[in-house]
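Here's a quick briefing to read alongside the coordinates. Have the viewer open and follow along.

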Amino acid sequence: MTEKKEAVLGFSAQPDVQDVLVHWRRWLESERNVSPHTLTAYIGDVSGFLEFLTGYQGRPPSMNDLGALTAADFRAWLSKLAGDGLIAASRARALAAIRNFFRWMDRSGRLHNPAIGGLSTPKVKRPVPRPLTELDADRLLEESEKEPDEPWIGKRDRALFTLLYGCGLRISEALNLTRKDAPLGETLRVTGKGRKERIVPVLPAVVDAVRAYMEACPYRQGPDAPLFVGVRGGQLAPAIAQRQMRDLRRLIGLPETATPHALRHSFATHLLAGGGDLRAIQDLLGHASLSTTQRYTDVESEHLMEVYRAAHPRAKQSPKQAK
């Protein structure tokens with residue numbers, strides 16, 4: 001039984017730890033509904049942590065060993081990650097996985113170790129989102145329909161990019177829509193990260209673009225078929241959508257930061273610039289934390305400073321001239 005668990009989880013530990021890890025993984029899958037990507041990352045991070053402990057203590061850790069770990073032990077692991085060249089964002093993610101594991105063990109009555117609660121998360125400088133200007137977003141949507149050789153593919157690209165910009169969807173959320181989910185009404189139900197659902201309003205421009213695409217699409221499939229399809233009728237791959245955007249931005253002279261995800265950034269930034277409430281924008285984007293949405297205030301502040309420096313006569317003077 002132990003050998004089977006080790007093969008599934010990809011690392012060795014004492015049988016009692018192996019048993020707990022199997023239950024934690026089931027909890028992540030069934031109750032937390034984490035994505036396959038997040039699950040793989042968490043399991044990999046805990047695997048690395050246990051491998052570190054095996055070398056650090058000279059033996060595979062048991063539950064008693066995990067309960068006896070001190071803050072210094074956890075810091076030694078973080079220092080090892082830094083020494084291996086892991087950036088702060090990767091170390092922060094790894095620590096989040098370990099915290100999740102220990103918090104779950106504590107809440108489920110399996111183990112209590114308060115030492116991990118005293119650790120500071122590595123400071124991560126999150127990049128400021130790079131949205132398109134309103135003019136560039138309009139140009140991109142207008143030109144996206146004109147370039148592909150097949151007219152229906154042009155309508156597909158315009159519908160997809162209009163949906164990302166008009167509703168603030170992630171590319172994965174848009175590509176996972178089925179034909180019965182098509183945004184042809186006033187609202188759209190979206191399944192986001194962690195299988196959490198949210199309702200977003202649909203602009204008439206989105207409805208028009210999606211309807212035009214569906215009418216032109218040569219593949220007439222059932223209601224459960226993917227809404228956005230490739231040239232052979234299968235679900236459109238993210239890489240194809242990204243390639244279409246890459247070719248388009250080079251053609252019309254947009255920066256390399258003009259990606260499908262930048263349309264989601266543009267949605268949020270332009271709403272904020274128009275007086276949108278930050279909490280409402282958080283709900284529309286499906287962010288779990290308001291701090292994630294607050295990054296867009298940095299974008300707006302940066303934009304305001306650019307406008308000020310370009311337009312205000314006093315901003316163009318040197319400090320000596322201003323006196």
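Predicted model: local features only at pLDDT ≥ 70, side-chain atom pairs only at ≥ 80, totals over all residues.

The protein contains 16 helices and two strands, and 43% of its 323 residues are buried. If you take contacts between residues at least 6 apart in sequence, 59% of them link residues at least 24 apart.

**Helix α8 on its own**

- Helix α8 covers residues 151-167, and 14 of those 17 residues are buried, so most of the helix is covered, given that buried means under 20% relative accessible area.

**α8 against α7**

- Helix α7 (residues 134-144) packs on α8 with the axes 8 Å apart and an angle of about 155°.
- Angles over 145 degrees count as roughly antiparallel, and α7 and α8 are therefore roughly antiparallel to each other.
- On the α7 side, the residues involved are E134, A137, L140, L141, E142 and S144.
- They meet G154, D157, R158, F161, T162 and Y165 of α8.

**α8 against α10**

- Helix α10 (residues 204-216) is another partner: its axis and that of α8 come within 8 Å and cross at roughly 155°.
- That angle makes α8 and α10 roughly antiparallel too, and their crossing is left-handed.
- From α8, the contact draws on W152, K155, R156, R158, A159, T162, L163, G166 and C167.
- From α10, it uses A205, V206, A209, V210, A212, Y213 and A216.
- R158 and T162 of α8 turn up in the contact with α10 and also in the one with α7.

**Helix α11: one face in, one face out**

- Helix α11 runs over residues 238-252, and its 15 residues should span 21 Å at 1.5 Å a residue; the end C-alpha atoms are 21 Å apart, which agrees.
- Which residues of α11 are buried? They are A241, Q244, M245, L248, R249 and I252.
- Looking down the axis of α11, these buried residues fall within an arc of 125°, so they line one face of the helix.
- R250 and L251 sit on the other side of α11 and are exposed.
- G253 follows α11, with a positive phi near 80°.

How values were computed. Residues numbered from 1 in each chain as written. Heavy atoms only, no water. Helix = DSSP H or I, 4+ residues; strand = E, 2+ residues; numbered from the N terminus. Expected span 1.5 Å × (residues − 1). Buried < 20%, exposed > 50% of the residue type's maximum accessible area, 1.4 Å probe, protein only. Arc of directions from axis to C-beta. Axes fitted to C-alpha atoms, helices over the stretch in contact; angles between N-to-C directions. Parallel < 35°, antiparallel > 145°, perpendicular 65-115°, else oblique. Left-handed = near helix turned anticlockwise from the far one by under 90°. Contact = heavy atoms within 4.5 Å.
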